[in-house]
Amino acid sequence: MSQDSQHGKWTISSRRSSNINNNSHQPKSSPASTPEAVRTTVDIKPEPAKTPAAAMNQLNPVKLESSPSLTGKRKKEVSEGSGWALSDSDDDDESVKGKSLSSVPKKAPPSPKAKKVKVENERPPSPHGRLYYIDEPEDFFESSVPCLNDTYRFYLNKVTGLDKKYNSGALHIRDILSPLFGTLKESVQFNYCFDIAWMVQQYPPEFRTRPVLIVHGDKREAKARLVQQTQPFPHVRLCQAKLDIAFGTHHTKMMLLWYEEGFRVIILTSNLIRADWYQKTQGMWMSPLFPRLPKGSGSSAGESPTFFKRDLLEYLASYRAPELEEWIQRIKEHDLSETRVYLIGSTPGRYVGSDMERWGHLRLRKLLNEHTDPIPGDQSWPVIGQFSSIGSMGLDKTKWLAGEFQRTLTTLGKSSVRSEPPIHLLYPSVDDVRTSLEGYPAGGSLPYSIQTAQKQVWLHSYFHRWKANTTGRTHAMPHIKTYMRVSPDFTQLAWFLITSANLSKAAWGALEKNNTQVMVRSYELGVLYLPTAFTFPVHKNPFPVSSSSTGFPVPFDLPPTSYSAKDQPWIWNIPYTQAPDTHGNVWVPS
């Protein structure tokens, strides 16, 4: 089966062993580029892992051996818990949803003309090597309160292997949970994917046994594995989020931190697994330290101009979980009035009437309608969407992207005139992944499936490369999700959103019943920056961070770079064997 588009061609054979054409980077002398090698299927499976996180944290790649072609043979279905690439797929296509991808990078045969001399005790540059950067530089973790931009409170994660200045003002999970930000009493971790043992180790020793509540969406076998993970840690409790609509996920990523000094909220894009915190581009919003209200304060006390407190309480109440009741009460007792961002959440359900604007992209549309103003010539102000996963959009752009989501993203004030500005969608190409710090394994967190891509080749004309030289993160593949409106010269923002929501109807919601109902499948959470509270010049050189900076630190380069005719979007469940990655591996999923 072949598919052509202006961004290249891919061919899928009956045995799922075809390769995307990528000749521009193909080593001429590599045996992997020969027709015979391309026709050979390598069916690779790591040893079954007890948990998704354990699979991602294997200390050694499995030794690989070529096997005969499996043409005509039915491959054994991959077990739910196995594989490197277990991430937050937002595909609501029944044919692929819920399946895990098992893939291990295979070393490409060395060229006979350029044989690499093996260095004993050489530290592998990839986190998918022996150990996962246990020997970070001494200054990787903060020993004193770092210089942070308190204007926007938007931060990137630290990335190993970068020049020191690009981590100045960025945060690692150990920094976030350290005593630098408060004396922790209890915490809640909302997330999609967990490695409990690793998570516990990120808390400093003095807080390591303080109560932690885990809010997750796992069911059946996955839930049983999570329960098993928590058994060695009696201070860790579980709270299961209700997922009553098929193919929904609990995708929200949030920390609630209760200190002796007050309370803090962190909304972020990283899973609680090792692989998300070292060589990927991630982001977060960290609230101020919210002080406790005086006893006897009224129910409306401590509210912000953005009604953040009300919206956070409403979001937590949507779980209908007794385990969260004490946290709802704690939030009521704190002063959140300093908050300057708006909360945008998604919770599973079908909503009608005024409830349609409570969640998802209709919530974003409502806020843009109420808190922005029309801009002269706004048809030339592009919309940028940047994400790490893509769901099914439909057979053409009118089905959801342009017919529904675009109207939300292009809303500016109460103007009835609907402009159609350029829409730039940022998603890594095959070559972005191949040349990344992690190499092909980075693609395990970019779960765009061939089954979905084949049905929406039209979407790829919107795609732009991942380039982030201004933040030093061009080779740190994005797991961050951001959406924004920017001026034609890319120097000014109209608004900015950081969120867990990828490009999917499951995350953002889709209209039904002649637009009288909206259906949302998943839990998502993000924060919106609007011009009512911020000025938005784009910071051209955001690192090293300065506390007095007036520019917003957009995490990637502007203007975006369009795909060339040779570029193809990364698709995670097909092989890439014609060109090795930065560590000499090829990608052979099974």
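Predicted model: local features only at pLDDT ≥ 70, side-chain atom pairs only at ≥ 80, totals over all residues.

**Confidence.** I checked pLDDT before anything else. The mean for the protein is 82, and 76% of its residues reach 70 or more. Residues 1-87 have a pLDDT below 50, yet I find 204 contacts in the model for this stretch beyond near neighbours in sequence.

**Overall.** I count 12 helices and 23 strands. Of the 590 residues, 60% are buried. I also looked at contact range: among contacts with a separation of 6 or more, 77% are between residues 24 or more positions apart. The accessible surface comes to about 23,600 Å², and carbon and sulfur atoms hold 51% of that.

**Helix H7.** Which residues of H7 are buried? Going through residues 325-332, I get Trp327, Ile328, Arg330 and Ile331. They sit on the same side of H7, because they cover an arc of only 160° around the axis. Next I asked what covers the buried residues of H7. The cover includes strands S5 (184-190), S6 (212-216), S8 (254-259) and S9 (263-268), along with helix H6 (308-317).

**Strand S11.** S9 turns up again here: 3 bridges join S9 to S11, and the two run antiparallel. S4 (residues 154-156) is also joined to S11 by 3 bridges, again antiparallel. I looked up Trp285 in S11 and found it as bridge partner of Ile267 and of Phe154. Which way do the residues of S11 (283-286) point? Gly283 and Trp285 go one way, Met284 and Met286 the other, and all are buried. In a regular strand the side chains alternate between the two faces of the sheet.

**A three-strand sheet.** Last stop: an open sheet in the order S13-S21-S20, with antiparallel pairing. S13 (349-352) and S20 (510-512) are the edge strands, each pairing on one side only. I noted an average twist of 30° from one strand to the next. S13 and S21 (residues 517-520) are joined by 4 bridges, and Val352 has Gln517 as its bridge partner in S21.

Key
Residues numbered from 1 in each chain as written. Heavy atoms only, no water. Buried < 20%, exposed > 50% of the residue type's maximum accessible area, 1.4 Å probe, protein only. Arc of directions from axis to C-beta. Contact = heavy atoms within 4.5 Å. pLDDT = per-residue confidence, 0-100. Areas by Shrake-Rupley, 256 points an atom, 1.4 Å probe, with all protein chains shown as cover. Pairing = 2+ DSSP bridges. Axes fitted to C-alpha atoms, helices over the stretch in contact; angles between N-to-C directions.
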